[in-house]
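Have the 3D view ready and follow along.

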Amino acid sequence: IRCSNAVYFNREGIEKNMKILTLGDIFGEPGRTALTSKLPELIKKKEIEFVIVNGENAADPGVGITKKNAEDLFEAGVNVVTTGNHVWDQKETADFISSEKRLLRPENLIKGSPGNGYGIFTSKRNKKIAVINLMGNVFMKKSENVFEAANKIMSKIKLKKEADYIVVDMHGEITSEKMAMGHLFDGKATIVFGTHTHVPTSDFRIMQNGTAYQTDLGMCGDYNSVIGMDKENSLKKFLKDPTSIKHFPSKGEATLSGLLVTADEETGLARKVESILIGGAFEERY
Ligand code: FE2
């Protein structure tokens, strides 16, 4: 048996750890381009087995996701796309989400919404990975109580029973709600990550009971902007300048921003977390 920080092998030399990459909100064309141009190489280099991204800002205006956008993300190596408050901002999404099980919408949307809020997916090595998409209640569109929704799913999907690994995207505006959700799942999920605020937080870590956590993954978009939107126009809007127009995505090079987690196959819990920042305005980390 060989042991290292990153991976360990059983007697047959089969790798026993699972590497799951999670990336924050893909923002407009720059975000999609960064992902399609950089992800395939990153998957190979880091031996990543499963990729989850939040895609609710993937469409050209920076809100919503079209069928083509989703297909492009899957083609580049993404396994599951989560969303949030902007999930229905492109008209076609409500139609194709029913037939595209790899695209999730928040579980706690108002009852009767199309699509699924969670699913159990199969990785390359046939491991079952449950992905759960939730949305916060504070300063967000009206939705069902997110903590009650989380408890309901937790009673149905248990680590090492229904799924080998469990990953939660908590799409929300405020840090306290996201951190509380991390604690609710601590020891019961592999990863809990936050999305929606488009700024990567530096609190990525393994929590007390073994769940990898980061309050916000940050966006995959141009950071020389105001959370992805053109900075001059956004400033005009804040200054109530009448020449301002509708928000539109900033066109500079996007940063791929997320968290890479190495999880233990025996427990389904995290063994290592690595912050990922590639390209664009930041000093790179990967
Ligand atoms: Fe959002």
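## The iron site

Donors here are N, O and S atoms within 2.8 Å of the metal (3.2 Å for Na, K and Ca), and since water is not among the atoms, sites may look incomplete. This is a predicted model, in which local features need pLDDT of at least 70 and side-chain atom pairs count only at pLDDT 80 or more, while totals for chains, interfaces and linings use all residues. Residues are numbered from 1 along each chain as its sequence is written, and side-chain values use heavy atoms, with hydrogens and water left out.

So what holds the iron ion? Its protein donors are Glu56 (OE), Asn85 (OD1), His171 (NE2) and His196 (ND1), which sit 2.0 to 2.3 Å away from it. Along the chain, these donors follow the spacing E-x28-N-x85-H-x24-H. Asn85 lies in the loop between strand 3 (80-82) and helix 3 (93-96), and His196 in the loop between strand 7 (191-195) and strand 8 (205-206), so the pair ties together parts that are 111 residues apart in sequence. Helices (H or I, at least four residues) and strands (E, at least two) are DSSP runs, numbered from the N terminus. Asn85 and His196 are both buried, where buried means under 20% relative accessible area, exposed over 50% and partly exposed in between (1.4 Å probe, protein chains only).

What about the geometry? The four donor atoms subtend angles of 84 to 171° around the iron ion, which makes the arrangement irregular. For reference, four donors count as tetrahedral if all angles lie between 85 and 135 degrees; four count as square planar and six as octahedral if opposite donors are over 155 degrees apart and all others between 65 and 115; anything else is irregular.

## The whole chain

Stepping back, the protein chain has six helices and 11 strands. Its radius of gyration is 18 Å, close to the 19 Å that the globule rule gives for 286 residues, so the chain is as compact as a globular protein of that length. That radius is taken over C-alpha atoms, and the globule rule is 2.2 Å times the number of residues to the power 0.38. Along its principal axes, the C-alpha trace spans about 70 × 40 × 35 Å.

Buried residues make up 56% of the 286 residues. Contact means heavy atoms within 4.5 Å, and among contacts between residues at least 6 apart in sequence, 63% join residues at least 24 apart.

## Two nonpolar cores

In soluble globular proteins, nonpolar side chains tend to be buried together. A nonpolar core is a set of buried Ala, Val, Leu, Ile, Met, Phe, Trp, Tyr and Cys residues joined through side-chain atoms within 4.5 Å. The largest one here has 28 residues, and Leu21, Leu35, Val53 and Val78 touch the most other members. Strand 1 (17-23), helix 1 (28-46), strand 2 (50-54), helix 2 (67-75), strand 10 (256-264) and strand 11 (270-278) each supply at least two residues of this core. Helix 1 gives the largest share, five residues. A second, separate core has 21 residues, including Ala150, Met154, Ala189 and Met207.

## Some buried residues

Leu23 is in strand 1 and counts as buried at 0% relative accessibility. With the sequence neighbours up to four places away not counted, Leu259 touches residues including Ile20, Leu21, Phe204, Leu217 and Val273.

Asn233 belongs to helix 6 (residues 231-238) and counts as buried at 5% relative accessibility. Setting aside neighbours within four places in sequence, Asn233 is in contact with Ser244, Ile245, Lys246, His247 and Phe248.

Most residues other than glycine have a negative phi. Glu47 has a positive phi of about 50° although it is not a glycine. You'll find Glu47 in the loop between helix 1 and strand 2, and at 52% relative accessibility it counts as exposed.

Lys160 also has a positive phi, near 75°, in a residue other than glycine. Lys160 is in the loop between helix 4 (146-156) and strand 6 (165-171) and is partly exposed, with a relative accessible area of 32%.
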